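Here is a short briefing to read with the model open beside you.

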Amino acid sequence: MAEEGRQPSMTWLFFSPSGRIGRLPFFLSWLFWFLVSCVFLMQMLKNENEDTALALWTLALIVSGVLSTVSIAMLAIKRLHDIGYPGPLALCLFIPVLSPIVFIALCLWPGTKGDNEFGSRNNGPGR
């Protein structure tokens, strides 16, 4: 039976650097943050003539941008753990020229089968 504190959760998925995740959860999490940003941006464009609404939607976009940046770093660390590489390589996602290449590689590169030094299974918290 699994330990109670070791169950995957949304908080673990988006904001924890421990464990491993597969390609599909990584891509879907990126897609989630992209869609959140698109919704806020659409609301900003829709309310561009209303100062109060525009200010609130702009603030929401900024807050979601900060949250998504932190989350994307944590997702990349877990994805790198699944491949067998150390987490600090996630910084490559924040280098403009390398970012698209690293993103595509993380979406396509299969993870290691079975246990590795970062965890015993895909899509779960680490040791």
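C107 is buried, at 16% relative accessible area. Please keep in mind that this is a predicted model.

- C107 takes part in no disulfide, and the nearest cysteine sulfur, that of C92, is 15 Å away.
- C92 is partly exposed, with a relative accessibility of 24%.
- A disulfide is counted here when two cysteine sulfur atoms are within 2.5 Å, so the 15 Å between C92 and C107 rules this pair out.
- The count of disulfides comes to zero.

- In soluble globular proteins, nonpolar side chains tend to be buried together.
- In this model, the largest nonpolar core holds 22 residues, and L13, I21, F26, L75, A76, L93 and L106 have the most contacts inside it.
- Two or more residues each come from α1 (10-15), α2 (23-46), α3 (51-83) and α4 (99-108).
- The greatest contribution is that of α3, with eight residues.
- If you look past neighbours within four places in sequence, L13 is in contact with I21, S29, L75 and K78.

**Nonpolar surface patch**
- On the surface, F15, L59, I62, V63, V66, L67 and V70 form a nonpolar patch, with about 610 Å² of accessible area together.
- Helix α3 supplies the largest share of this patch, six residues.
- V63 is part of helix α3, and V63 is partly exposed at 43% relative accessibility.

Key:
Residues are numbered from 1 along each chain as its sequence is written. This is a predicted model: local features need pLDDT of at least 70, side-chain atom pairs count only at pLDDT 80 or more; totals for chains, interfaces and linings use all residues. Side-chain values use heavy atoms; hydrogens and water are left out. A nonpolar core is a set of buried Ala, Val, Leu, Ile, Met, Phe, Trp, Tyr and Cys residues joined through side-chain atoms within 4.5 Å. Buried means under 20% relative accessible area, exposed over 50%, partly exposed in between (1.4 Å probe, protein chains only). Helices (H or I, at least four residues) and strands (E, at least two) are DSSP runs, numbered from the N terminus. Contact means heavy atoms within 4.5 Å. Patches are made of residues with over 30% relative accessible area and no salt bridge: like charges are joined within 9 Å, nonpolar side chains (Val, Leu, Ile, Met, Phe, Trp, Tyr) within 5 Å. Accessible areas come from the Shrake-Rupley method with a 1.4 Å probe; for residues, only the protein chains shown count as cover. A salt bridge is a side-chain nitrogen of Lys or Arg within 4 Å of a carboxyl oxygen of Asp or Glu.
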